[in-house]
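Reader: Could you walk me through one part of this model up close? I'd like the spot where the ligand sits, and what lies around it.

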Amino acid sequence: MKSRWYKNAVIYQIYPRSFCDSNGDGIGDLNGITSKIPYLKELGVNAVWLSPCYASPNDDNGYDISDYRAIMPEFGTMEDWERMITALHANGIRLIMDLVVNHTSDEHRWFQESKKGRENPYSDYYIWRDGTGPDGRTPPNNWRACFGGSAWEYCEERGQFYLHLFSKKQPDLNWDNPQVRQEVANICNFWLEKGVDGFRCDVITYISKPENLYGAPSSSFVVGPNWKKYIRELAEASWDRYDTLIVGEATGIDFDRAAEITDEREHLLDTLFHFEHVAQLPVCSYNQRSTNLRRFKRILFRWQTLPRASWPAVYYENHDQPRSIPRFAPSGAFRERSAKSLAASLLFQRGTAFIYQGQELGMTNAPFREEDYRDIQAVNQIKAARSRPFARIEMPFLLRYLSHYSRDHARTPMQWNDGPNAGFTTGKPWLMINPNYPQINAAEQENRADSILHFYRQALGVRSDWIDLIRDGSFVPVDPKNKNILAYARRQGRRTLLVLCSLSPKKSSVRLPAEYLKENCKLLLGNMEQAPVLREKTLLQPCQCAVFGIED
Ligand code: ISL
Ligand code: CA
């Protein structure tokens, strides 16, 4: 059933709350997305991954779902959603929905029933355990929740603890219960019947918990004992019956595990997001660009060697990560060049490529003050630090950390133009708009041929011209130890694509093996007027990039 269309695809991630507000309530919505389909089409993307748009009390911006078959009223109605998918498909753009089934909202009907006691039809839908200690009020184990505190919450009504790996309003589902697995398959089929083209599966590697939770080590929920069984069952009952892309968010997965669980013959995931290249470095080493670039390359290049039967997903940004500028490339005077250089370094790698909204404009981290943060993760961290005895000493460190890493950096509203509120809304935006919108916005870039936006369009054009080689060709690192330049070649038969990307604010050179110094070499893409002259030691200007096509 699978055509594996995604192997040719570039996918654009939309965080609906921050994309485009059509009715002036300050919150992005589905009609806003529909109104921007011409923009997506012009950009040249093949699919959209839409972060959750289901009914939710928004404890974690929609990653806490209270009804899997309903649209969040703030985002619109099911009719709006239907209009959106129809318009996307009419423009040749597929739709990937976010599937958040490790946990639900505590306001989901299942949980409301489940917590009533041990004798109801939903009793076993969640992970309930008796407490320990003399009064039974000590959690079953020492697991910590991702958003702070114990991963267990005591429920007076039921007299037991429930497990929540994220916030206490996100109770984990009990996948060991076959009814739960059937519910998930039904939800998937509901949306597949409505025409969606696949799912991005939120923390899908966490769904199978170890058998004995009392005293279980804290990472033992990553690809737990029954993981393959449950995922294969779901693939059989749903995913494999349609022409889907199933991409797993695979926190905690290493290379070997990834190769195993994305192997086509295994019928599990089609591909996954690993997190090695976006692992947080200590804030104090943040500016050690060259050391960091070598590490970054080592990780990216290794993931390019995933075996043939597996398939990589490549990305630099998403709604949980800070902006790639200034994270991976210099900001300031070189911001435009570095955004283009990063784009070139990403888009010709082997794998389905993901672009996060605003990345194509070179949007940057925002100058948040303490009171500007809205993400549950940052808000909880600030609250906890404030309540500790040494708050005055601790706070500046936390704020510095958040200025680099808060998830809110990616979530500031899309910068459409230099009008009020960056053209995102006519009302009051739910999260601060980055004050750099008069300089960085889509309308300005639309009108300027050398903008980052135009560069992305060109890059996607080159990608589609060379798609056979990009999909199936070999990946060859070039001068891999170079501290300033990320360079590689893609090769297939007699054709070579040579990608040279400086991510350094200094002039630097890259060593090219003789095989790339051919007469028959054509510049396909670059971010400066003068292309570099290819020699054994090729000099690149600060943050310069160039992509060459070579025919033997
Ligand atoms: O964001 C993180 C660190 O800053 C991660 O630990 C993140 O929580 C983890 O990758 C899981 O993310 C996914 O599930 C979360 C949700 O908050 C994230 O937005 C989502 O991408 C819980 O559903
Ligand atoms: Ca709105």
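Author: The space taken by ligand 1 is the largest pocket. Here a pocket is an open set of points on a 1 Å grid over the protein atoms alone, with protein on both sides within 12 Å along at least five of seven lines, and a molecule sits in one if more than half of its atoms lie within 2 Å of its grid points. Bear in mind that this is a predicted model, where local features need pLDDT of at least 70 and side-chain atom pairs count only at pLDDT 80 or more, while totals for chains, interfaces and linings use all residues. Residues are numbered from 1 along each chain as its sequence is written, chains are lettered from A and ligands numbered from 1 in the order written, and side-chain values use heavy atoms, with hydrogens and water left out.

Around ligand 1 you'll find 17 residues, each with a heavy atom within 4 Å of it. The closest are D60, H103, D202, E249 and D320. By type, the shell splits into seven charged residues (Asp, Glu, Lys and Arg), five nonpolar (Ala, Val, Leu, Ile, Met, Phe, Trp, Tyr, Cys and Pro) and five polar (the others, Gly among them).

Now for the polar contacts, meaning pairs of N or O atoms within 3.5 Å. The side chain of D202 puts an N or O atom 2.8 Å from an oxygen of ligand 1. For R200 that side-chain distance to a ligand 1 oxygen is 3.0 Å, and for Q377 it is 3.0 Å. Taken alone, ligand 1 exposes 500 Å², and the protein buries 90% of that (Shrake-Rupley areas, 1.4 Å probe).

Technical notes: Polar contact = N/O pair within 3.5 Å; in protein donor to acceptor, adjacent residues only side chain to side chain. 1 Å grid on protein atoms, 1.4 Å probe; cavity = no way out; pocket = protein on both sides within 12 Å on 5 of 7 lines; lining within 4 Å.
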